[in-house]
Amino acid sequence: MAHHPVIHKLEAESNVAVALANYIADLSAKFIAANGSFSVVLSGGTLIDTLRKLLDPPYMSSIDWSKWLIFFLDERVVPLDHPDSNYKLAYDGFLSKVPIPKSNIYPIKEKLSPDEAADEYEQRLKHLVANGTLKKSPVTGFAKFDLILAGMGPDGHVASLFCWHFQRFEKTKWVTSITDSPKPPPSRITFTFPLINSASEIAMVVTGEDAADAIKVALGQHASYGYPLPVQKVSPEGTLTWFLDNAATSELK
Ligand SMILES: O=C1O[C@H](COP(=O)(O)O)[C@@H](O)[C@H](O)[C@H]1O
């Protein structure tokens, strides 16, 4: 049974950045004290810039970065130094500025087809569960990440799970691929909903006016047409916490 979501409606994106840094620092301390590590899944997009407060005092020196493990919620199937790469975005904007050991960062493998890249990432996650690096959900048997940091596109997509694309209905695979993403670039890999929803904590970090219509649907104030939006399928075993600014909530009553 999913818990009620926690919703933080903040004035500006800069307030979201501060609240998000506090939330992440608290979870980092909690999970490291309990398990000796903190597994964090990053999406791309605007989220990476909204993580910027973690680079400031007191977080930079108070967080035990050496215990963080970094994964990617979705990735574009391009070289890791390509401008479209979510790894490059995260590395340039965040990962290169914090002392997380390189061996604790898990980018996709290059030079594989989208299908091969998704399978390879899934196998790597399964191996990390088998050797105890990652936890396993006792409910679903999928990997159980401590924290997934997700954004949402204006069309309500999460990760690379889009409306009208079958990947959003995947039940068995942990990671899947898409070669006709409606948002460029077309070839991507993505966590599936069963893997996403096995997480302990999911933060949906959504800012800006473009998201306002989808936020109205996601928070139940407007019926969706036909199928629910992908974002409406986000329902973790643990807690879902929304971080929203005034622009993203401007259509809410
Ligand atoms: O293409 C993608 O889009 C989403 C949303 O991005 P945003 O810029 O609207 O925040 C992002 O979460 C995902 O990781 C990315 O591949």
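Visitor: Which residue in β11 does Ile202 stand opposite?

Guide: Ile202 stands opposite Leu240 in β11. Strands here are DSSP E runs of at least two residues, helices are H or I runs of at least four, and both are numbered from the N terminus. Before we go on, this is a predicted model, where local features need pLDDT of at least 70, side-chain atom pairs count only at pLDDT 80 or more, and totals for chains, interfaces and linings use all residues. Residues are numbered from 1 along each chain as its sequence is written.

Visitor: How many bridges link β10 and β11, and in which sense do they pair?

Guide: Strand β10, residues 201-206, pairs with β11 over 6 bridges in the parallel sense. Two strands count as paired if DSSP finds at least two bridges between them.

Visitor: And what does β1 do with β11?

Guide: β1 (residues 6-10) also pairs with β11 in the parallel sense, over 5 bridges. Val6 has Thr241 as its bridge partner in β11.

Visitor: Is β11 mostly covered or mostly open?

Guide: Mostly covered: of the 7 residues in β11 (239-245), 6 are buried. Buried means 20 or more other C-beta atoms within 10 Å of the residue's own, exposed means 12 or fewer, and partly exposed is in between, with C-beta atoms placed from the backbone.

Visitor: What's the strand order in that sheet?

Guide: The order is β1-β11-β10-β7-β2-β3, an open sheet of 6 strands with parallel pairing. The edges are β1 and β3 (68-72), each pairing on one side only. From one strand to the next, the twist averages 15°.

Visitor: How many bridges join β7 to β10?

Guide: There are 4, and the two strands run parallel. Ala150 has Met204 as its bridge partner in β10.

Visitor: Which strands does helix α1 lie across?

Guide: Helix α1 (residues 13-35) lies across β1, β2 (38-42), β7, β10 and β11, and runs at about 155° to β11. That angle is between N-to-C directions on a 0 to 180 degrees scale, with axes fitted to C-alpha atoms and, for helices, over the stretch in contact. Contact means that the C-beta atoms of two residues, placed from the backbone, lie within 7 Å.

Visitor: OK, the other sheet. What's its strand order?

Guide: That open sheet has 3 strands in the order β4-β9-β8, and the pairing is antiparallel. β4 (74-76) and β8 are at the edges with a single partner strand each, so one side of each has no neighbour in the sheet. Direction ignored, neighbouring strands here are turned by 20° against each other on average.

Visitor: What stands opposite Glu75 in β9?

Guide: Ile189 does. β4 and β9 are joined by 3 bridges and run antiparallel. Helix α5 lies across β8 and β9, at about 165° to β8.

Visitor: Changing topic: which residues sit around the ligand?

Guide: Ser43, Gly44, Gly45, Thr46, Leu47, Leu73, Asp74, Asn86, Gly151, Gly153, Ser160 and Lys183. A residue makes that list if its C-beta atom, placed from the backbone, lies within 6 Å of the molecule.

Visitor: How does that shell split by class?

Guide: It has 2 nonpolar, 8 polar and 2 charged residues. Ala, Val, Leu, Ile, Met, Phe, Trp, Tyr, Cys and Pro count as nonpolar, Asp, Glu, Lys and Arg as charged, and the others, Gly among them, as polar.

Visitor: What about phi at Lys111?

Guide: Positive, about 65°, although Lys111 is not a glycine. Lys111 lies in the loop between α4 (86-93) and α5 (114-130).

Visitor: Is Lys111 buried or exposed?

Guide: Exposed, because there are 8 other C-beta atoms within 10 Å of Lys111. Trp164 also has a positive phi of about 65° without being a glycine, and Trp164 is exposed with 10 other C-beta atoms within 10 Å.
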